[in-house]
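Let us walk through this assembly together, one piece at a time. Keep the viewer open and turn the view as we go.

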Amino acid sequence: MTALLEVEKLAVSFGTMRAVDAISFTVESGEILGLVGESGCGKTTAALALMRLLRGATCTGAARLADVDLFSLDEPAMRARRGSDLAMIFQDPATALHPTIQVGDQLVETLRTHLNLSARQARSRALDLFRKVGIAAPEARLRAFPHELSGGMCQRVMIAMAIACSPLLLLADEPTTALDVTVQAQILDLLRQVTREAGMSVVLITHDLGVVAGMADRVAVMYAGAIVEMAGTDRLFAAPRHPYTRGLLASIPALDQGWDEPIPTLAGSVQSAFEVPGCRFSPRCPLASEICRSAPSLREVAPGHFVSCWNAA
Amino acid sequence: MLRFLAHRLAQSVVLLLGVSIIGFGLMHLAPGGPLALYTINPTVTAQDIERVKAQFGLDQPVAIQYLKWAEGMFTGNWGYSFFGGQQVREIVLDRMPATLELMGTSLFLALMIGVTIGIVSAVRRNSVADYASAVAAMIALSLPTFWFGLLAIYLFAQTLEWLPAGGVASTSGGDLVDRLRHLVLPVAVLSFVLVAQWSRYTRSAMLDILNQDYIRTAEAKGLKRSRILLNHALRACLAPLITLAGLQLPLLVGGALVTETVFSWPGMGLLFVNALGMRDYPVLMAILMVSAFVVVLGNLLADIAVALVDPRVKLGYG
Amino acid sequence: MVDVPAAEIILPRPAQRFGALRRLLRHRLAALGLIVIGLLAIGSAGAPWLAPYQPDDIDIAQRYAPPLSEGHILGSDDLGRDVLTRLLYAGQVSLSVGLAAMLVTVLVGFAVGAFAAYHGGWVDIALMRLTDIMLCFPSVFLLLFVAAFVTPSLASIALMIGLTCWMEIARIVYVQILTLKSADFIAAARMVGAPSWRIIFRQILPNTLAPILVAATLNMANAILLESYISFLGYGIQPPAASWGNMLTNAQSDFQVDPWLAILPGLAITLAVASFNFIGDGLRDALDPRMRERSAGALR
């Protein structure tokens, strides 16, 4: 049996700049895959590449969603799948919604684009969706403009729009980063609930390991455009193998840590990574040695646990 | 909305007051004063001057004169022309329809063409068409309008004899076709410049909007490109373009003046230039005030329109 | 934390400046504009040596000579004066009026904007209201209104154009300074006790220079256009002195007798104005990539 989403050697470059470097991963039906990495590591770019929404970029590789190669579809066929087979939620709900169109209309528009509904049917479906994502007083909220809603409420609208046509796959790009901490948990709960209910697969993109720990079934860690480690969530947190993953986990402040103890940080910055020959993490890596001058590739170190490092213990 | 309206209305009144004070001040601080032309004329004696001054109330303190004049402006008594003694209000308002006809037609045409060009250049960014329209617009904005008008008259009226050279209608007839034929050249010249401006404005506003997150959301929803452009992008474009239309009004009015003088179009612009030659200050002041009034009113309308299309405005956002 | 040597932080600035110049030159139309303006400036400034005749050499025998005729490369006018000669001398007048008007515009605009923003309070309100009010007048009307009762001279025309066009720059400076005022390095300068004028000239002026430079270039284009129009109507530069605008005074009849006589000065104006517009556009791109997509075009 094949996975719902199979990404093979996906590479994205802007001119000579390589933003995503031949990453491969799969997402099973109903699975939540966490895609983790620091800003600029290419996680959002990878997601936009799957949506084929990148402008001025060259994408190579293959991405099969339910055995359909997304990259070989013509534009109208791809357009028909966007929003219906695969949907996306963006980071900042305040700017991702059109500022001068009522949120209800924005939702109805999605419904009527993909489903053969009358205006009235779409309206009542929109109402159901608003209820489903926990928006109070949904009738009134349908007529609201984004600026009249809170950030969390806007993200609920975005989620309603994304799940409106019951997509097979949901790409959630930092869905809680722009929100207040108290709202973050609510939105994550909602996301988990609605996707589980519908058996939807999710690629959850985030820089926050805490979010991943609570949500994802499996985690892929990205560094400088490449996946450096991939494993089941529990295993990754319990037994990280890649030095970058270890560094990331070590930099999470623990509750029992003293206030004056320094938080361990990763020395150096990601900026030089794209110019380095061989392993891109080597300039910052405590384990770097001669062999790191040639690029490592992902290898399976334990069942379902992949690491791309020569020195991984 | 009501508070917003009241606020903008109050602002407009302040602006108009300022406009009238500056205009009135300019006229009276000028060397020679309002009666400069009389004083040069050797057949006019000093007594005549005094008599005229008294007749027009020019012997009173400037502040009193201003108040009287402002009151007159407000109540519709705009004074009398220095030449011929006609009611200024009648002279000026007689010319208003011709100017509005020229300005309105040109603006409408320019918006249709300019906005279209702007959208196409923004969507086909950095294409040959984009560059060509950019260069063409820049050159169009560099043409002296009066010379361009004369050139157009030379080519299309005198050499090719396709169209009349000036005026609103032939002396013999005045049917619709004849009037339209007279309208073609002045409107073409005035809208040429406007199209250039609007294509640039629209392009930059569109580029700004096409990079917004909500356009990407619309794409991610699987909407058709035409729907994204016309429903999402153009709708977002509306507010900045309307604001610009308001801000552009002085240039439009100025452009209309130049065009009118070249094509002997009997509007307020031509009247202004003629009155200028005769130093007919009451007429000049009235036109200056009316044009500034049109600008202030236009901006007020533009703001209200923006508040109608963009729900964020009246709450003090955007 | 790794210590970064101070030199490394300071170094990039000069490099960026050269970058701006290079970007300006790479902007092909701006480079072309610079060349054209250079040629026009050299031609006008060198008119006494370059021009084949004196600007007021009248030759009744050679009236309305067509271009390329013997002795008159660009023909002669209704009094037999050499058109090329007059175009060169007119260039002196038109370009200097443009330059002087632009300087007045920048000076007045900067003074008003800087004073309003820096002083704040009622000065701010009064000056910016004044700016708003002045913006309500179509500048052509205002200019003609004033021009009609001033004895025209090169200086008075430049002054009038400058005094009716300063509002745009005032607004740019005002907004820039308000933004800068809250910037950290200004607060730092205040904290070490630098006097206001010093802050304005040492900190604020350099930081507002880029947008002012762009606006000034576009204003120059605008000033040349305005001068040509009021001179064309007879309220500007007075004959026998030539400006590109007043060479067109008889354009309406010239078109029937000798079209070139009406076409050439107009072309000269267009060429100069377009060059300044292109340079302004190029400067905008070169000095601040963020301003790149802003609206273009000279105000008229």
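Predicted model: local features only at pLDDT ≥ 70, side-chain atom pairs only at ≥ 80, totals over all residues.

Helix 5 of chain B covers residues 88-123, and the axes of helix 5 and helix 8 of chain B lie 5 Å apart at an angle of about 35°. Which classes of residue make up this contact between helix 5 and helix 8 of chain B? The contact divides into 21 nonpolar residues, 9 polar residues and 1 charged residue.

Now step back to the layout of chain B. It is divided into domain 1, residues 2-75, and domain 2, residues 97-309. Taken over C-alpha atoms, the centres of domain 1 and domain 2 of chain B are separated by 32 Å. Where the two domains of chain B meet, domain 1 contributes 13 residues to the contact and domain 2 contributes 11 residues. On the domain 1 side, helix 1 and helix 2 (36-40) of chain B each supply at least two residues. The largest share of that side, 9 residues, comes from helix 1 of chain B. Sorted by class, the domain 1 side of chain B holds 9 nonpolar residues, 3 polar residues and 1 charged residue.

Towards chain C, 46 residues of chain B are in contact with 45 residues of chain C. Several helices of chain B give two or more residues to the side that touches chain C, among them helix 1 (2-29), helix 6 (128-142), helix 7 (145-159) and helix 10 (225-263). Helix 8 of chain B gives the most to this side, with 7 residues. The side of chain B that touches chain C has 35 nonpolar, 8 polar and 3 charged residues.

What does the contact between chain A and chain B look like? It takes 25 residues from chain A and 19 residues from chain B. On the chain A side, helix 2 (75-81), strand 6 (86-89), helix 3 (93-96) and helix 4 (103-114) each supply at least two residues. Helix 4 of chain A provides the largest share of that side, 4 residues. By class, the side of chain A that touches chain B has 12 nonpolar, 9 polar and 4 charged residues.

Finally, consider chain A on its own. It has 11 helices and 12 strands, and its C-alpha atoms fill a box of roughly 65 × 50 × 35 Å along the principal axes. How does its radius of gyration sit against that of a compact globule? For 313 residues such a globule would have a value near 20 Å, and chain A has 20 Å, so the two agree. Of the 313 residues of chain A, 44% count as buried. Among contacts in chain A with a separation of 6 or more, 63% join residues 24 or more positions apart.

A:Thr182 sits in helix 8 (residues 181-198) of chain A. Is A:Thr182 buried or exposed? A:Thr182 counts as exposed because it has 8 C-beta neighbours inside 10 Å, and the cut-off for exposed is 12 or fewer. Between A:Thr182 and A:Val276 there are 94 residues in sequence and 41 Å in space, C-alpha to C-alpha.

Definitions and conventions
Residues numbered from 1 in each chain as written. Chains lettered and ligands numbered in written order. Contact = placed C-beta atoms within 7 Å. Nonpolar A, V, L, I, M, F, W, Y, C, P; charged D, E, K, R; others polar. Domains from an automatic or database assignment. Axes fitted to C-alpha atoms, helices over the stretch in contact; angles between N-to-C directions. Rg over C-alpha atoms; globule rule 2.2 N^0.38 Å. Buried ≥ 20, exposed ≤ 12 C-beta atoms within 10 Å, placed from the backbone.
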